[in-house]
Amino acid sequence: MRISTLFYTIRQGFVNILRNKWFSLASIATISACLFLFGLFYAILINFQHVVRTAEEGVSVTVFFEEGISDERIREIGDLISKRVEVREVKFKSAEEVWEEFSVEYLGEYADGFTENPLEDSANYEIYLSDVSMQSALVTYLESVDGVRQVNRSEITANALGGINVLIGYVSLGIIVILLAVSIFLISNTVMIGISVRKEEINIMKYIGATDFFVRSPFVIEGILIGLLGSVVPLVSIYYIYTNVIVYINERFQILSGLLNFLPVEEVFSVLMPVSVGIGVGIGFLGSIVTVRKHLKV
Amino acid sequence: MAGKKRVRRSSSESRDIIVLDNVSKSYSTGAPALNGVSIRIRKGEFVFVVGDSGSGKSTLIKLLLRELTPTSGGVWVNGEDVVRLKHRKIPKFRRNLGIVFQDFRLLKDRNVYENVAFAQRIIQVPTREIRKNVPAILSIVGLAGKYKAKPKQLSGGEQQRVALARALINKPSILLADEPTGNLDPKNSWEIMKLLEEINQNGTTVLVVTHNREIVNAMKKRVVTMKKGVIVSDEEKGGYIDED
C-alpha cells in the first residue's frame, strides 16, 4: 500500500467518525464507560491483592519439635522445610530466645525468679509461605516429618484470604466479558450505520474498480479509532481519580493508611494502560471487521 | 488454462473489444432479461444501444461490468473472459471501463476536484500525479473553473461532465454510458454527446445506452436495437427504430 493511500484511508476513517458523529460519540462514550469500569475494577483488584499479599506475608506456620531432639535433627528438618517450593522464609527460634521474648513481654522483673527455662521444649521454626493456599499441603507434610511434635497454623486466615482472591478474580472476569461483548456490539452497530450511510459511495467505488481492501479499510480504521479514543478517556480520568483518592484517603483516614498500603499510580498504569488501549483497539478492530465482512459485500 | 484458451479467440476477432456470444440471462422472477444475444464491438467503435424499458439494455451493461453473470453464453471484454473472472480480479478489470450513469452518481459531500480525484485515489495513483491529472481532465470537459464547486451547485449538464471526467481520468479503453442524457435538457444533452464523440475520436470505445431519438438519428453511428431481451436490429450508421 502506498503511503498516500494509507493516509487517505486513515483520513477517511476520521471522516466516517465525523460524519456519524452522534453514533460515534455514543460508541466512544460506551466503550469509555466499559473501560472506565474495567480500569476502576482493576485498580481496586490490584490494590486488594496487594493488601492480601501483604497480609499473606504475615501468615506463618510454626513447627515444634519432639522432646530431647538433637540439634542436628533440628537442622535437618530446617533444610527439609527450606527446600519446599511453597516456603518463602524459615526462621529458627531457640528455646532460649522464646523464653527471653516471653519473659520480657509478660513477666518483666518477675522472670528473675526462674532459674531454669520453663519453655525448654519451645524451640521452633517459623515458616512464611509464598502462597497461602498451599498451607494445608505444607502442614500435612510437616506433620509427617520425623521429630516434629506439633504444627501450629492459621488456617482460617489463609482460607479466607485465598477465597476472597479467587472470588474477586471470577467476578471481575465476568464483568469484563459482559462489558467487552457490549462494546463489540456497539462498535458493530456504529460501523453498520456508517456502511448504510455510505452505501452510494461504496457502490461508486465498486464501479470504479476499488479493491475489497480499499473499500473496507476506512471502516476498520473507524472502529479502531473509536476503540482507541474510547480507551484514552477512561485512562485519563482514572489517573486523575486514583491519585486524588489516595491523597484524600491518606489525609482523611490516617489510621487506615498503616493498614491500606496503596500501590503507586505508575505501577497500576504500567499494566492498565497497555491493557486498556489493547482492549479498546482490539474490540474496535474486531467489531468493525466482523460487521464489514457481514454487511459489506464488495 | 481453460479460461485463457477462451480468451484467445481467433486472430480475425482480435479487434473485437466487446463480445457477447449467445448470451441469455434469466432472473429468479421468471421472464428472461436477455435471450440469445450476440454482439461484437470493435476497438474504437461508437455504438448506441436503444430500446424500451425492459428490453434488456441495463442487463447488458451489468453483464459488461461483471455486476451480473449470464445464465448461459459467453462475455468477453478487453480480451477478458468476464464469466470466469475471479471475484478478486473484478476491481482490476473494472479499471479499464469508464462508466457514466443517468443520475450522475457523484459524491455529494465532495467538490468537483475530489469527485474526480477519488477515481485515481482508489487505484492508488500518487497524490502529486493526481494534482496534475485532475485539472487536465477537468479542462477537457470544460469545468476547469469549477473545481471547488459541490455537485448541488452545478447544473445537470455540469454534473454529468464531472461524472465523465471521473470515468475518463483513469484512461479506460471502453466507456459505458447508461442513459447519459436522461436527466438533461436538449442543449446539455448535445454537449455531452459531443464530448463522448471527441472521447471516441481519441481512441476510446464508447457504448451508449439511450432513449434519445434525436441524438441517435442525428449522430449516424452504429445502432443496436433491443426488444424484450433480443436484438432486433444492428445497423452501421443506423437510426432509432419506432416500436409501431
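A residue counts as buried if 20 or more other C-beta atoms lie within 10 Å of its own. With that in mind, let's look at chain B of this predicted model. Of the 244 residues in chain B, 40% are buried. The chain has eight helices and ten strands. Among contacts in chain B with a separation of 6 or more, 68% link residues 24 or more positions apart.

Now for a sheet in chain B. Six strands form an open sheet in the order β6-β7-β8-β3-β9-β10, with mixed pairing. At the edges stand β6 (97–101) and β10 (230–235) of chain B; each has a single partner strand, so one side of each is left without a neighbour in the sheet. On average, neighbouring strands of this sheet are turned by 15° against each other, direction ignored.

Inside the sheet, β3 (residues 46–50) and β8 (residues 205–210) of chain B run parallel and are joined by five bridges. Here Val50(B) stands opposite Thr210(B) in β8(B).

Two helices of chain B pack on the sheet, as the table shows.

| Helix of chain B | Strands touched | Angle between directions |
|---|---|---|
| α2 (residues 57–64) | β3, β7, β8 and β9 | about 150° with β7(B) |
| α7 (residues 186–201) | β3, β7 and β8 | about 155° with β8(B) |

Finally, how does chain B meet its partner? Here 15 residues of chain B are in contact with 14 residues of chain A. On the chain B side, α3 (90–94) and α4 (112–121) are the elements that give two or more residues, and α3(B) gives the most, with three residues. What kinds of residues make up the side of chain B that touches chain A? They divide into eight nonpolar, two polar and five charged.

Conventions
Residues numbered from 1 in each chain as written. Chains lettered and ligands numbered in written order. Predicted model: local features only at pLDDT ≥ 70, side-chain atom pairs only at ≥ 80, totals over all residues. Contact = placed C-beta atoms within 7 Å. Helix = DSSP H or I, 4+ residues; strand = E, 2+ residues; numbered from the N terminus. Nonpolar A, V, L, I, M, F, W, Y, C, P; charged D, E, K, R; others polar. Buried ≥ 20, exposed ≤ 12 C-beta atoms within 10 Å, placed from the backbone. Pairing = 2+ DSSP bridges. Axes fitted to C-alpha atoms, helices over the stretch in contact; angles between N-to-C directions.
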